[in-house]
Amino acid sequence: MALAAKPPLGWNTWNTFSHEINEDLIKESADAMVASGLKDAGYEYIVIDDCWSLRERDENGHLVPDPEKFPSGIKAVADYVHSKGLKFGIYSCVGTHTCAGYPGSYDYEFIDAETFAEWGVDYLKYDYCFKPRSADGPTLYRRMAMALRNCGRDILFSACNWGEDNTTEWIRSSGAHMYRSGSDILDSWQSIKTIAASQMDMEKFSGPYCHNDLDMLVVGMYGKSHNGTIAVNGGCTTEEYRTHFSLWAMMNSPLMIGCDIRNMTEETKDILMNKDILAINQDTEVRTPCWRKEWDAVPETVMLMFKPLENGDYAMGFFNFYDDDCGGRIHFADMGLPTHGYGLRLYDLWEHKDLGVFTDRYHVVLKGHHCKMLRASVVKL
Ligand code: GAL
């Protein structure tokens with residue numbers, strides 16, 4: 001079956017829990033995915049990241065789940081996740097070891113793919129640490145893709161080589177369904193801003209069946225990560241998380257939640273389950289956004305993006321990367337609208353309100369780090 005026609009949606013252990021994972025956490029998170037409404041909103045994958053196995057393979061070369069963390073084994077956990085109507089994901093690495101030092105799949109690709117299939121895995125995140133210098137990265141991704149495509153089960157392949165070795169040039173042909181082309185996210189505004197800016201030019205390589213992954217979301221973490229490499233004191237403000245989510249949605253990134261979904265604030269739920277924003281991310285055509293820099297006063301502050309949607313509408317996003325108020329505008333002619341006879345009806349995707357019909361252009365002033373997300377419908381005047 002063809003997987004990942006649209007950017008995958010789910011949850012991953014790494015951002016909040018790092019190595020502090022176990023089967024209760026996974027089961028409780030699957031429960032929370034359903035009870036909170038995330039599943040109904042479209043989130044589907046529950047993914048265990050690094051640190052789930054023992055430090056050594058068994059005598060037959062198989063990976064062994066850590067019996068302290070997963071006393072019932074991975075298959076039982078996968079079965080539980082499936083019983084909730086969700087899909088189950090796990091993690092391995094191109095190299096001899098994972099980034100946290102557990103066994104990697106180098107030279108064990110086909111054995112591991114078979115094991116994952118037996119366990120009922122639906123998604124594999126595949127990292128890039130400890131790759132032997134003599135080995136060719138693209139070939140190793142191709143090898144695991146081939147193993148997964150022939151293991152007897154549909155397993156979505158999530159590549160994670162952080163943009164190294166010119167990922168975008170070969171990743172689509174490798175068979176991967178999504179790929180990280182940038183560095184790890186931190187729970188900070190600076191990190192969100194840097195990743196978004198660095199990935200704008202990568203967007204043209206992203207599309208159905210192989211999506212550019214801007215990294216997992218930090219929405220709702222508020223500095224509460226147990227993960228020393230991700231945590232930043234205090235994290236971000238709700239507004240910054242809203243802008244982060246809007247950027248990722250607009251840029252067609254997979255949306256893999258990174259907060260503790262068992263304990264979300266109402267604000268976090270409102271962000272992650274905003275159906276209007278999710279619809280922009282999950283539009284059938286997954287069109288690359290067109291972007292430009294538009295600002296009133298301070299250069300390099302307000303980014304504007306727009307993209308065509310399946311039904312003839314357009315998604316539009318204004319993002320203020322500056323720390324203070326700043327304005328930006330869009331001239332509708334730049335999107336293709338004739339200068340007379342037509343206008344755009346604008347709908348605000350965070351306020352959930354119709355703003356009326358505008359002709360010629362739309363101008364917005366945004367507070368520092370805020371965004372404006374709109375859906376525009378073409379109308380004949
Ligand atoms: C990094 C990866 C992170 C996480 C971590 C686990 O390389 O980018 O998302 O998976 O390894 O050790």
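Which residues are around the ligand? In this predicted model, they are Trp14, Asp49, Asp50, Tyr91, Cys99, Lys125, Asp127, Cys160, Trp162, Arg180, Asp184 and Met216. For Asp127, the distance from a polar side-chain atom to an oxygen of the ligand is 2.8 Å. In Arg180, an N or O atom of the side chain is 3.1 Å from a ligand oxygen. On its own, the ligand has 310 Å² of accessible area, and the protein covers 94% of this.

Eight strands take part, in the order 7-6-5-4-3-2-1-8. Their pairing is parallel. In general, strands of a sheet pair through backbone hydrogen bonds, and the pairing is either parallel or antiparallel. Which strands stand at the edges of this sheet? They are strand 7 (211-213) and strand 8 (255-257). Each has a single partner strand, so one side of each is left without a neighbour in the sheet. Neighbouring strands are turned by 25° against each other on average, with direction ignored.

Strand 1 covers residues 9-12, and strand 2 covers residues 45-47. The two run parallel and are joined by three bridges. Gly10 stands opposite Tyr45 of strand 2.

Is Tyr43 buried or exposed? Tyr43 has a relative accessible area of 1%, so it is buried. Leaving aside neighbours within four places in sequence, Tyr43 is in contact with Leu9, Gly10, Met33, Leu38, Leu86, Phe245, Leu255, Ile257, Leu272 and Leu278. Tyr43 and Lys87 are 44 residues apart in sequence. In space, their C-alpha atoms are 9.5 Å apart.

Arg57 also sits in a loop, the one between strand 2 and helix 4 (73-83). Arg57 counts as buried because its relative accessible area is 16%, and the cut-off for buried is under 20%. The backbone oxygen of Gly104 is 2.7 Å from a polar atom of it. Beyond four places in sequence, the contacts of Arg57 are His62, Leu63, Val64, Pro103, Gly104, Ser105, Tyr108 and Asp112.

His244 is found in helix 9 (residues 238-250). His244 counts as buried because its relative accessibility is 0%. Apart from neighbours within four places in sequence, His244 touches Ile185, Ile192, Leu217, Val218 and Val219. In helix 7, the buried residues are Thr167, Thr168, Trp170, Ile171 and Ser174. An α-helix has 3.6 residues a turn, so residues three or four places apart point the same way. The buried residues of helix 7 pack against helix 6, strand 5 and strand 6 (178-180). Just after helix 7, Gly175 takes a positive phi of about 110°.

Most residues other than glycine have a negative phi. Which value does Phe130 take? The phi of Phe130 is near 50°, a positive value. Phe130 lies in the loop between strand 4 (123-127) and helix 6 (137-149). Its relative accessible area is 46%, so Phe130 is partly exposed. Trp162 has a positive phi too, near 55°. Trp162 lies in the loop between strand 5 (156-160) and helix 7 (167-174). With a relative accessible area of 22%, Trp162 is partly exposed. Trp162 is also one of the residues around the ligand.

Technical notes: Residues numbered from 1 in each chain as written. Predicted model: local features only at pLDDT ≥ 70, side-chain atom pairs only at ≥ 80, totals over all residues. Heavy atoms only, no water. Helix = DSSP H or I, 4+ residues; strand = E, 2+ residues; numbered from the N terminus. Buried < 20%, exposed > 50% of the residue type's maximum accessible area, 1.4 Å probe, protein only. Pairing = 2+ DSSP bridges. Axes fitted to C-alpha atoms, helices over the stretch in contact; angles between N-to-C directions. Contact = heavy atoms within 4.5 Å. Near = heavy atom within 4 Å. Polar contact = N/O pair within 3.5 Å; in protein donor to acceptor, adjacent residues only side chain to side chain. Areas by Shrake-Rupley, 256 points an atom, 1.4 Å probe, with all protein chains shown as cover.
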